[in-house]
Amino acid sequence: MTSRSVNEAAANGATPKVVVRLEEVRKEFGEAEALAGVSLEIRAGEAVAVMGPSGCGKSTLLNMVAGLDRPSSGRVVVHGEDLTGLNETGLALFRRRRIGMVFQFFNLLDDLSALDNVALAAQLTGTPARQARRRAQELLDELGIADRRNAYPAVLSGGERQRVAVARALMNRPALLLADEPTGALDSHAGEQVMDLLLDLNQIGQTLLLVTHDPRLATRCANRVVDLADGRVAGERSLERAG
Amino acid sequence: MRAVWQAARAAVRRRRLQTLVIALVVLVSTMTIVVALGLLDAATAPFERAFARQQGAQVTATFDAAKTRPGQLADTTRMPGVAAAAGPFDQAVATLDQPVTVHDPGPVTVVGRADPAGPVDRVNLWSGHWATGPGEVVFSSPPGLDHDGPHAALGSRVTVGGVPLTVVGLASSVSQSADAWVSPSQITALHPTSVQLLYRFAHADGDAEIRADTAALRAAVPGGALTATQSYLDLERAVEHVPSAFVPFLMVFGILGLLVSALIVGNVVSGAVVSGFRHIGVLKALGFTPNQVVAIYLLMVSVPAVVGCLLGTALGDLAEQPLLQQIFHGVDGAFLADSLGLSAWVNIVALLGMPLLVVLAALLPSLRARGLSAARAISAGSAPRGGRALGIQRRLSATRLPRSVSLGLGLPFARPGRSALTLAAVVLGVATVTFANGLAATMTAYGNAEEGNGSYQVEVDTGRAEFGMTPPTHTDPQIQSLLGSLPGAVQVTATTYAPARLAGHAKGLNLRAYRGSSADVGALVVQGRSFHGPGEIVAPPGFLEEWGVSLGDRLTLQTAGRQEPVTVVGETLSGDPDYVFTDWSTALAVSPTLTGRQYLVRLASGTDVGAYGRAVRAADPGLRPSAKVTVNAGATTAIASSTILTLLLGAVAALGVFNTVVLNARERRRDLGMLKSIGMTPRQVTVMMVASMGALGLAGGLLGVPLGVLAHALVVPITGRAGGIAFPAPMVEVWHPGAIALLLLSGVVLATLGALIPSRAAARLTIAQVLHNE
């Protein structure tokens, strides 16, 4: 455990708070069973990588935690909120307050500048435009792309786009950062940069849940790996991070 | 070809919503076009249409039965120049004992005829059956004009010429060849004294030709045998001015209907092709040739369009007849009602024009896609990003508006072409609503003035012995004071008609004279003033125009041995051009034996009209009270037709907005998924999508309202001139700030209604599926 909150908790002799708890979560799509009773806990400050072959249920698991999809049975509790009891608006508010998401293909709005893409997440909560832009500017500064704040996604490199996406995910100071193949669409150099970024975030206390095929990303950024196979947890291992 | 067909079928199946929208838009648009063109067709030359439909008689001739032999009459039907003839039919004038639809008790012309069909004057038997047996009679009546229940004319027992008959049918003849028809055997009981023949001639295009045809008829029979003739041209002149008043505004609705429908169909179809660019790229990558791709897309939009067009034409035809009957209900006589029918050219225009429009609308973007490489077509499939759109979004981001609203306001700029077409449809929709609103206000004011609403509530006619009615037991002045003494009466005005001539003119005119209040005339005066004493007249605009008279002119009224100078002091809103209004003493000066023929009674507020009528009948059985008609048929027709067309056009425009939101949401699925993933609530998604159209709606309101006001200002005076109505300024200037504000909002309402359903569907989009289908 290398992250700050986990270390602090250990130093204080306390167990870090559980941020994510999945209890016997099942998800069926017709006849197919994407998740077959997954139970999992993620504590504050952890960086957990979910790995496994295509179709094993990685993305479905991430969707359950993000409240993007609902389980067929079981419970999903994130930051003390039971997502199974929330309606669509409740889930939207949950995503807004508790989580940030980073996607493989960035999912930036092409007609907004980098700054406005980042500010958007705060503006949806009702934060005034000026205040949201100030915070967005700070985040772009921290992530090293402040000079690209007025550029539109079409002219940004892959790595820059993913940094903007990470900034947007961090805009509302989420308890949990979810990343779905965050380096999957990047070249190796840009991928390295994003890995460094995620590692840095975790080291300052940001809880991470990564879904990836990439063992390098897992070993670099995660301190625990959960292996999924056929919708079940096939194994878990703690890692000493390479970084 | 098989591959093209299969790919097109697959595309239709995959885009069920889009296919449904295309079919629906084409259906409603086609229906609108069919109804709008049908309305125009019905209102344009209705007499000619009805005349052609019924093979009307160009000359209806009445012969004295005593002066001709049947063989002589039969010979006239074979004369050179006679194209077709019907008859001879025995004809009698007999007294009807009670009202039957439009016929008052009194003398009616009855013809003995075996059936309503024939080579000339194919009578439209619209209710019941033809009179074929003894004791049966068919009365003429405009289609649809009958009461329900115990007051129905059909089935009622009447006496005609002392012979008891049962009304077994109601029919209308454009040639007005009879008031009633009985079987040839039944007519003998009515003692016919004349014979009717109905002719169509090879040459009958003008009065001169008709006069020549009539002269030939007269020459073919013994002198004095041809007692009367009626030319179809006289009938036509008598009825044409009423429907012609409706042509200008129906024309506006027709044009608006065509424009809105064409715009929306073009937008929907081209949008469907543009949104399929990515698919086009994939098809090309699979090996489809550019021509095959164009064929696939033309097929994809043509299939639902053709289905929509066929259904729309069929539904338009189904709706048109009852709709037009309803709209034109009450407008003068059977002529217009008989003209209402399905015209082949309307269906041909719809069935050929709409698919052509669809193919053209699809062809332009298809050809563009045809020229793109597979890779470019795929990348062109997402929402375009333009420089102006980016600048607008940047400015909107900095506003204090809720972010969902500011994002929505920027959306139309991403697809400027599509947004412009949608805006144009909304503008025309708002212009239609505005125009219809103004028209309704004008026509309501006109109807109220025309019917003298509020100036009296009861009309009392006197029974006339010469028509077999019970005459009143009281004299004219006694009747006026009797009516005034009954409970509830506030004021009684006697009116009558007196024929006269204007010095220097051969043609006669009629004076309508008032004894007592002339408030109903006063309400109609739009220029000058009402008459206040002897020697003053008020005239309708048609009279002033036809007789070349202006306000302030002095004229001389003449009758046999009498003359009276009068001054024209006022012009009425409308009226028969052969009638002028004056006070009793002026009419008495030219017609000393004048007596009241009708009494107009103003009742105290809250008085039961029915109870007053019963009291009148009890006081004198020779008096015939009736409640004043308060609804003006012309105004009702104008308002009803404009309302129906506005609803149809509004629905088409709203469907256009619906389609635009469907296409925008489809193209922005990924963006919507991302926005939801970062916490945009379903309500915010709905607000964003509705706001994107609300902005267009507001712009549509700002542009459409002045357009509608302008159309109203241009069309109402034209309608007035065509219908002999001089609309005064207060009836034309109907716009108030409150009404304008509401009309400005009508664009927003229209856009919101169209956007709501697809916006809510966008709000329910499954995020996980969208974001991972990259």
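Which residues of H2(A) are buried?

Modeller: Bear in mind that this is a predicted model, where local features need pLDDT of at least 70, side-chain atom pairs count only at pLDDT 80 or more, and totals for chains, interfaces and linings use all residues. Residues are numbered from 1 along each chain as its sequence is written, chains are lettered from A and ligands numbered from 1 in the order in which they are written, and side-chain values use heavy atoms, with hydrogens and water left out.

Now to your helix. The buried residues of H2(A) are A:Lys58, A:Thr60, A:Leu61, A:Leu62, A:Asn63, A:Met64, A:Val65 and A:Ala66. Buried here means under 20% relative accessible area, with exposed over 50% and partly exposed in between (1.4 Å probe, protein chains only). H2 spans residues 58-66 of chain A, and eight of its nine residues are buried, so the helix is mostly covered. Helices (H or I, at least four residues) and strands (E, at least two) are DSSP runs, numbered from the N terminus.

Staying in chain A, have a look at H4 (residues 114-123) and H5 (residues 129-142): their axes come within 8 Å and cross at roughly 120°. Those axes are lines fitted to C-alpha atoms, for helices over the stretch in contact, and angles run from 0 to 180 degrees between N-to-C directions. H4(A) and H5(A) are therefore oblique to each other; angles under 35 degrees count as roughly parallel, over 145 as roughly antiparallel, 65 to 115 as roughly perpendicular and the rest as oblique. On the H4(A) side, the contact (heavy atoms within 4.5 Å) includes A:Ala114, A:Leu115 and A:Val118, while the H5(A) side includes A:Ala132, A:Arg133 and A:Leu140.

Over in chain B there are 27 helices and 20 strands, and 55% of the 774 residues count as buried. B:Ser127 is found in strand E4 (residues 124-128) of chain B and, at 16% relative accessibility, counts as buried. Leaving aside neighbours within four places in sequence, B:Ser127 is in contact with B:Leu154, B:Val168, B:Gly169 and B:Leu170. B:Leu352 sits in helix H12 (residues 344-371) of chain B and is exposed, with a relative accessible area of 60%. The C-alpha atoms of B:Leu352 and B:Val306 are separated by 9.9 Å, with the two residues 46 apart along the chain.
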